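Thank you all for coming.

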Amino acid sequence: MFIINCPYCGEREQTEFKAGGEAHIVRPKQPTELSDDEWAEYLFMRKNIKGIQFERWIHIHGCRKWFNVVRDTSNDEIKAVYKMGEKPLIK
Amino acid sequence: MKNKYSFFTLLKNAFSYHENWGKAWRDPEPKKEYEAIIIGGGGHGLATAYYLAKKHNMRNIAVVEKGWIGGGNTGRNTTIIRSNYLWDASAGLYDHALKIWEGLSQELNYNVMFSQRGVMNLAHNLQDVRDLKRRTHANRLNGIDAIYLNTDEVKKFCPIINTSPDIRYPVLGGTLQRRAGTARHDAVAWGYARGADEMGVDIIQNCEVKGIKRNGNDVEGIETTKGFIKTKKIGVVAAGHSSVIASMAGLRLPLESKPLQALVSEPVKPIIDTVVMSNAVHAYVSQSDKGELVIGAGTDDYISYSQKGSHEIVEGTLSAILELYPIFSRMRMLRQWGGYC
């Protein structure tokens with residue numbers, strides 16, 4: 001369990017949030033023209049990184065807004081939080 | 001087998017106070033090159049090596065393990081073995097495995113303590129009832145033993161379950177696979193390790209893989225903490241770390257690694273002689289031969305390699321356990337841990 005600093009509400013317990021998986025996966029512009037392999041790539045293939053991961057979270061029991069989190073998956077330390085559409089301060 | 005375990009070897013070694021048992025497997029340094037290398041020395045990795053050697057006659061192979069064998073997820077699971085899965089492909093795979101389990105101790109000459117005490121899955125709502133009945137029928141069509149139990153039959157099979165209709169998740173029924181059960185998780189790793197070693201497989205412990213060397217579409221070998229080892233074939237059997245290993249070769253996998261928690265209680269006298277699983281409330285319970293309750297919880301919804309999960313997952317599981325088994329209300333939990341799934 002850890003604390004997440006919601007960009008809209010401030011610091012709250014992780015139990016108020018729900019994880020949305022890897023961030024910055026761009027939805028294909030022409031879904032009808034994708035091959036099965038390209039669909040599989042978009043839907044299922046993930047970095048599943050051990051280390052710094054860019055991911056989405058939603059404050060499901062709070063403001064219900066989506067935002068991005070940079071978290072070290074090896075020890076669950078959160079490095080940065082930024083709103084949807086913004087660029088992370090760290091790379 | 002050079003060091004076969006039997007009543008007579010037990011007797012013979014008793015005369016020397018059991019101080020002269022040989023090592024169950026060697027502790028070799030890696031060779032320069034192998035025909036194939038398996039990354040990950042858990043139950044699955046060691047079984048892979050064992051069957052490659054036995055069924056496919058590949059003897060010049062190695063298992064590399066970053067820690068000690070069986071020290072990862074093999075030592076972190078809740079030891080449940082069953083084959084009552086819905087889909088034909090799953091049923092085929094898991095029942096093939098269950099049939100191997102049924103003769104495994106004899107085949108390996110190593111007691112894996114396989115106990116066919118039955119696995120019961122509970123239904124807590126109407127959809128559960130429909131799903132479990134469907135699964136029972138599907139299992140039977142695939143030749144897998146499965147029966148559906150109503151609430152009274154659940155109570156009869158496992159009397160300590162609270163089947164009162166007014167609890168939060170009432171027990172509406174359940175399925176039972178009698179051939180399912182548990183086994184000693186460590187013994188599985190040790191038994192396969194001993195069997196594979198006997199056939200010439202090198203089991204290299206404390207050898208972490210640091211990189212995979214590729215040459216176009218081929219693999220040339222692995223970089224490890226014990227130096228470079230040449231090979232053209234690699235099997236990745238690293239459970240939750242499979243994506244990490246695969247990324248060393250530039251591959252992505254359709255996987256996400258999430259924490260799955262388990263806990264054990266203090267040991268008590270025999271109280272539950274089967275395995276009861278409840279998917280709806282993520283509460284799985286059985287009793288080890290030592291007498292501890294072995295409790296499985298649910299997964300967290302975020303990726304993590306920290307080997308710890310959230311407190312509220314354990315809290316949710318234990319509140320479900322307490323409602324289903326009020327007799328456990330004064331049990332004390334000894335240990336809690338997380339693995340990946």
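Let me start with the interface, where 22 residues of chain B are in contact with 23 residues of chain A, contact meaning heavy atoms within 4.5 Å. This is a predicted model, in which local features need pLDDT of at least 70 and side-chain atom pairs count only at pLDDT 80 or more, while totals for chains, interfaces and linings use all residues. Residues are numbered from 1 along each chain as its sequence is written, chains are lettered from A and ligands numbered from 1 in the order in which they are written, and side-chain values use heavy atoms, with hydrogens and water left out.

Chain B and chain A bury about 1,800 Å² between them, 46% of it on carbon and sulfur atoms; buried area here is the accessible area (1.4 Å probe) that two parts lose on being put together, summed over both. Of the area that chain B buries against chain A, 35% comes from Arg252(B), Tyr302(B) and Ile303(B), more than any other three residues supply.

Arg252(B) also forms a salt bridge with Glu41(A) through their side chains, at 2.1 Å from N to O, and the count between the two chains is two salt bridges, each being a side-chain nitrogen of Lys or Arg within 4 Å of a carboxyl oxygen of Asp or Glu. On the side of chain B that touches chain A, the elements giving two or more residues are α8 (242-248) and α9 (311-324) of chain B, helices being DSSP runs (H or I, at least four residues) and strands likewise (E, at least two), numbered from the N terminus.

Which residues touch the most other members of the largest nonpolar core? Among its 31 residues they are Leu46(B), Trp101(B), Val112(B) and Tyr192(B), where a core is a set of buried Ala, Val, Leu, Ile, Met, Phe, Trp, Tyr and Cys residues joined through side-chain atoms within 4.5 Å, and buried means under 20% relative accessible area, exposed over 50% and partly exposed in between (1.4 Å probe, protein chains only). A second, separate core of 25 residues includes Val154(B), Ile167(B), Val171(B) and Leu263(B).

Finally, Asn84(B) lies in the loop between β3 (80-81) and α3 of chain B, and Asn84(B) counts as buried because its relative accessibility is 2%. Leaving aside neighbours within four places in sequence, Asn84(B) is in contact with residues including Arg135(B) and Thr175(B).
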